[in-house]
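Here is a short report for a reader meeting this structure for the first time.

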Amino acid sequence: MNTLRLDRLALCFIIYFFAAKMLIAVSTSRGCTSFVSKRPVSSPVGCIRKYASLCNKVPIRNNNICPNPILGFLNRRIDTTSDAATKSFAPSGVNTYSTRLFGTKLGSGIEGNVVVSNEQTALPNLDVHKVEVAIRAIRDILGYNTFDVALVLTDDDEIRKMNRETREIDKSTDILSFPLYDNIETPGKLPPPEFDIPDFYFLGDMMLSVPYVIRRCEEDAHDLTAGILSEDRGVSGAMASELDPEKRIPMLLVHGMLHLVGYDHIDDDDYEEMVTREEDVIRLLNEKMQLMESSEGRDVKWL
């Protein structure tokens, strides 16, 4: 009887071992060698650093696009507080529960998740819920409201580390995008997912440095005082005259999310196409948010 029980346990172990190897093989096919963490990771930034070091794809250095989503695919497992995904992530050692992001195909009628991790301290009173609302509105405008998307609000040090590890650029920046889809032929139109499973209905991740945004606002304020006007178009042009960092963040999200759906600015044609779409999305986003504000009895210009 004991021998039979041991044989069954051995069989269960063998089945479990090969199932785990199959999952790792699937993860490797998407550009990462493993999705298993050797220690608890309590924040997306920790996940970003861990998985960025495992990515084996060639970095894209001419855009703020990074080669792999870090909360996405099989390793898209994040630890959140029990109240809401838009709250700050708990520090290491705090008991949390794990949440999986599962989007759905277009036309399902089920809105995708938006996860915002507020790990910055430069703007302690930042309205994170408003940031989440902006992401949902931009996602709707882009036509992928059933897809999931994630954002980490962080500082210069963290985004510099990520920029160095994923793009080999050792400096901070405003926003980085980690698209799940890297085979987009027509900007704005994602290809069918490789597998019709919830994990693949995911736009990707973004990482935004709030101190960087604040610093750029101060620099642009000096330029405006000196009478220096920006000739940039798109998000860059819109931000040049907006000195409130909280209002700049939705603009940067427009830029970052357009990268998630295949837009870039490597050459002149790409740039023209992207800034034209940015201007359209900014206009539509402002109209959408003003409508929401007015329905609540307020009239506030967002962008």
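## The chain as a whole

Read from the N terminus, the elements of the protein chain follow the order α-α-β-β-β-α-β-α-β-β-α-α-α-α. That comes to 8 helices and 6 strands. The model is predicted.

The protein chain has 303 residues, and 46% of them count as buried.

## Helix α7 against α8

Start with helix α7, residues 245-260, and helix α8, residues 268-295. Their axes lie 10 Å apart, and the packing angle is about 130°. Angles from 65 to 115 degrees count as roughly perpendicular and those over 145 as roughly antiparallel, so α7 is oblique to α8. The crossing of α7 past α8 is right-handed.

Which residues meet here? On the α7 side they are P250, V254, H255, L258 and H259. On the α8 side they are M274, R277, E278, V281, I282 and L285. By class, this contact of α7 with α8 holds 7 nonpolar, 2 polar and 2 charged residues.

## Helix α3 against α7

Helix α7 also packs with helix α3, which covers residues 128-142. The angle is about 40°, and the axes are 10 Å apart. Angles under 35 degrees count as roughly parallel, so α3 and α7 are oblique to each other. α3 passes α7 in a right-handed crossing.

From α3, the contact draws on V131, A134, I135, I138, R139 and L142. From α7 come I249, P250, L253, V254, M257 and L258. The contact of α3 with α7 divides into 11 nonpolar residues, no polar ones and 1 charged.

## Helix α5 against α7

The axes of α5 and α7 come within 10 Å and cross at roughly 115°. Angles of 65 to 115 degrees count as roughly perpendicular, so α5 is placed that way relative to α7. The crossing of α5 and α7 is right-handed.

α5 contributes V210, V213, I214, R216, C217 and D220. α7 contributes P245, R248, I249 and L252. The classes in the contact of α5 with α7 are 7 nonpolar, no polar and 3 charged.

## R233, between α5 and α6

Where does R233 sit? R233 is in the loop between α5 (210-225) and α6 (234-240). Its relative accessibility is 29%, so R233 counts as partly exposed.

What does R233 touch, leaving aside neighbours within four places in sequence? R233 is in contact with Y271, E272, V275, T276 and E279. R233 and Y271 are 38 residues apart along the chain, and their C-alpha atoms are separated by 9.7 Å.

E168 is in the loop between α4 (156-167) and β5 (175-179). E168 is not a glycine, although it has a positive phi of about 60°. Is E168 buried or exposed? Exposed means over 50% relative accessible area; E168 has 52%, so E168 is exposed.

P192 lies in the loop between β5 and β6 (202-209). P192 counts as exposed because its relative accessibility is 69%. P192 and Y181 are 11 residues apart along the chain. Their C-alpha atoms are separated by 9.6 Å.

Key
Residues are numbered from 1 along each chain as its sequence is written. This is a predicted model: local features need pLDDT of at least 70, side-chain atom pairs count only at pLDDT 80 or more; totals for chains, interfaces and linings use all residues. Side-chain values use heavy atoms; hydrogens and water are left out. Axes are lines fitted to C-alpha atoms, for helices over the stretch in contact, and angles run from 0 to 180 degrees between N-to-C directions. Helices (H or I, at least four residues) and strands (E, at least two) are DSSP runs, numbered from the N terminus. A crossing is left-handed if the near helix is turned anticlockwise from the far one by less than a right angle, and right-handed if clockwise. Contact means heavy atoms within 4.5 Å. Ala, Val, Leu, Ile, Met, Phe, Trp, Tyr, Cys and Pro count as nonpolar, Asp, Glu, Lys and Arg as charged, and the others, Gly among them, as polar. Buried means under 20% relative accessible area, exposed over 50%, partly exposed in between (1.4 Å probe, protein chains only).
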